[in-house]
Structure formats: C-alpha cells, structure tokens
Amino acid sequence: MKHKISFTINGEVKEVEVEPNKTLLKMLREDLDLIGAKEGCGAGECGACTVIVENKPVNSCLMLAVEVDGKEILTIEGLSVGINLDPLQESFIKHNALQCGYCTPGMVMSAKALLNRNHHPTEEDVKEALAGNLCRCTGYQRIVDAVLDIAKKGVGK
Amino acid sequence: MKKFEYLKPTSLGEAISILVKYGEAAYILNGGTDLIVSMRDKIVQPEYVVDIKAVPGIDKITYSEQDGLNIGATVTLNEISDSRVVQSHYPILAEACKTVGSYQLRNRATLVGNICNASPSADTAPPLLVLDAKVNIVGPDGEKTVPLNQFFVGVKKNILKKGEIVASVSVPPIKDEWTGVYLKQGRRKEVDLATVGVAVVCVGDEVRIALGAVAPTPIRASKTETLLKGKRIDELLLEQAGESALAEVSPISDIRSSKEYREEIIKVLVKRAILQGKKGCSA
C-alpha cells in the first residue's frame, strides 16, 4: 500500500505517494529527478548518497522514503541559488577537489553539514566528518583543503 | 527490497500489540542501519515494518547521581557521543559510540539498536558490559529489567520474545572514582567493524574487562577480572591477563581477520586497555 507523505525539499513543499519499500535515495532519484545523490554501496559505507535531513547528514540509501514524512530535506540541488553556486561548491572547483565526480555531491553535503554545526573546524574535524564518504579517485587532500579554505573565510554558513 | 506494510505506532502499547499480532512477520524499525541493509540483501523479509520513532518517552538521555544514566531506544549514537552528561560521567561510552560507522550513519543508528542487533562485534557492547548496564524491556507481560550480560544469547540473537521491545538501556551510577577505556582494532580507523574490541573499567581494586568480536556474543572476561583483583599491575601480571583473557574467548576466522591474528590482538589489546584504563586510577 502506498503512503501519502509530505515534506520540504530544497525549500519546496512536496506531497508524494510512495511504496514503503522505497528508500529515500530511490525516491529522490526516481520520483523527484534529483539525481545528485548517488548509490555507491547501498549499505551505509560509501556516503555517495548523503543528503541533509533535519539539519543532519544521513545516508539516504539507509532511510525509507516514508520516514521523511513531515521532515525537511536538503540535497545537493538545493545548495545553489539560481546559477550561483554555494561558496563551498566554488571552493571545491577552486581546489580541484573532484575527479570523476561520483562522490562529490555526498562529499559536499557532509562538508556542508559540518560547516553548519561547526564554523571553525580543524583538519581533524573535517576528516572525521568526511570519513563516511569514500572517493575512489582518492583525491582526499584537495577535498579537505577545499573545506578548510572555505571555513577559514567564514562563509561556511 | 521485498514489499511490506509500514506501521508507525504512537505509543509503546500500540507497538507491542502490533508486534504480538504479527509475530515473526513484523520487524522493528529504529535507526534502520542494520534492518534496511538486511532487507535489501533479502536476509530478512518482513511483512510488517514497525517504526518506533513516533513512540513518545523513549527518545531521551537522562542522568541522576542516584539512578545513573538512562538511554532511550531511539536515541542516536551521535546524540550520545555529543551529550555533555555522557561525556562527563561515562566518557568511555561517548568514545565507543564514535567508533561505530560514519558520522552520517551515527545520525540514524541507535545504541539500543546496536545492542538488539546482537552482533558479536557491536562496539557499544563491551563498554556497556563493563559498566554493568541493564536492558529495560517492555512487552505484553509488562516491564522487566535484565543485565546486559544475560541479554545476548548467540550470534545476532538476543533474549527478546514475541512482542517485546527494549525501551531503554540504563547504566548504574559508580560511586567510587573510576576510569575506563574502549580500544577497537579494525582494518582501518573509520567505518569498519571491530576485529577485536576491548573495554576496561577500573574501580577501586577491581578491573573489569569485556571483549567484542571474539566469541558468539560480546562477553565479560570474569576469570581474568578475578586474576587481577586487588593486585599490583606489573609486566608479568599483564602478560598473564592477556593469556587468561584469550582462554576465555573463542575467536574465529572471518572476512576481517584470521583466528590467529585475533588471538594475538586479544592479548595485545587486553594488556594495552588495562594499562590505559588504569591511568588516573588510585589502585
């Protein structure tokens, strides 16, 4: 039986009907055409599916869509305003913090959530916050640099 | 993932009656980080998934000097490791919660879920065992409290019967000064299950030791504790403690480690945990 749920996503209120066995990630990608979040492992180990729910980064592959009823969700698509990228995204570009790009939306969302809760993260804080995001191109140092740089400029929020 | 019906009770009573009604066809959904993976891999195929996150009264951490700590079923691992109360009174527990999975996983995963899943490698289990934690269970026959060391009965098996829910885990207050540590050996620092986990708490002349990932359940090394009680810790005794702990467990080979490697690491970690756990202790 489908459930009717409503939630706020990237600032917009949505109402959808979903099967209970659909994960949040599947709903984002298949029903809402938000394909930034990716499925890597599907088991909470790679972080490519990371989105922010109620201000907290979560693995959207490990959450049922029905569980976001009444909640607020932010995905990578909600970070930019019009054609203006979020300063964090700009910093990723500036630091060449992406190669194939598959892990990037998850990386950015984990980093965004970190900067929201901690305006002055140390390198250790950044590494801890991103530990659940795997990059198989292994460009970790540039990603850490991009996050630290933007944190230093104080425009994380 | 196979189709199922999603139910979201708004009271413990309602949750229990749903679980009684559907029996083995129903699974509790809490943080979901174990259940959803198992459903995806078709290891479990529930017909009813019972989300307990709308049940009031099981989402809090409470503490008092008299009663100690109480952690509700739906409290996440991040809420525990971020809790000032846990950090100041039970730092070993705050640290252990941080060793599970990744930051985003810990925003969903719960301590009670970690315990109920009853994996031999559950990271919260060894610290809770050395803290003499108790499991508060509610079910069709009312409430009961069971010591954690009687809660696990085998690999991924606990004592819960049809219709029973763990409402919270409580940790009694420790009157005397104490120190403790949880050491986890994994293949890498982050996002890995424990190859071996060792928790040590020192209270007065007593040394409590618990181990994870080395037996069908997380266990207390009670013979080793007796060996150490009241004694001055020196190199020879540490050596004996490592051997003694090893004799109390039954490590196996699996994807994370060979049996032989585990046997070595058990000895090393037990010694190291006793030394680190002792620091600042009067005995």
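User: At roughly what angle do the axes of helix α10 and helix α11 of chain B cross?

Analyst: In this predicted model, helix α10 of chain B covers residues 235–248 and helix α11 of chain B covers residues 259–278. Their axes come within 8 Å, and the crossing angle is roughly 130°.

User: Are α10(B) and α11(B) parallel, perpendicular or oblique to each other?

Analyst: The axes of the two helices cross at roughly 130°. Angles over 145 degrees count as roughly antiparallel and 65 to 115 as roughly perpendicular. The relation of α10(B) to α11(B) is therefore oblique.

User: How many residues in the contact of α10(B) with α11(B) are nonpolar?

Analyst: On the α10(B) side, the residues include L238(B), A241(B) and L246(B). Those they meet in α11(B) include I266(B), V270(B) and I274(B). By class, the contact has 4 charged residues, 1 polar residue and, as the number asked for, 7 nonpolar.

User: Which element gives the most to the side of domain 2 of chain B that touches domain 3 of chain B?

Analyst: Domain 2 spans 61–171 and domain 3 spans 178–278 in chain B. The contact takes 21 residues from domain 2 of chain B and 24 from domain 3 of chain B. Elements giving two or more residues to the domain 2 side are α5, α8 and β8 of chain B. With 5 residues, the element that gives the most is α8(B).

User: How many charged residues are on the side of chain B that touches chain A?

Analyst: In this contact, 22 residues of chain B meet 25 residues of chain A. Elements giving two or more residues to the chain B side are β1, α2, β3 and α6 of chain B. That side divides into 9 nonpolar, 6 polar and, for the class in question, 7 charged.

Methods
Residues are numbered from 1 along each chain as its sequence is written. Chains are lettered from A and ligands numbered from 1 in the order in which they are written. This is a predicted model: local features need pLDDT of at least 70, side-chain atom pairs count only at pLDDT 80 or more; totals for chains, interfaces and linings use all residues. Domain bounds come from an automatic or database domain assignment. Two residues are in contact if their C-beta atoms, placed from the backbone, lie within 7 Å. Helices (H or I, at least four residues) and strands (E, at least two) are DSSP runs, numbered from the N terminus. Ala, Val, Leu, Ile, Met, Phe, Trp, Tyr, Cys and Pro count as nonpolar, Asp, Glu, Lys and Arg as charged, and the others, Gly among them, as polar. Axes are lines fitted to C-alpha atoms, for helices over the stretch in contact, and angles run from 0 to 180 degrees between N-to-C directions. Angles under 35 degrees count as roughly parallel, over 145 as roughly antiparallel, 65 to 115 as roughly perpendicular and the rest as oblique.
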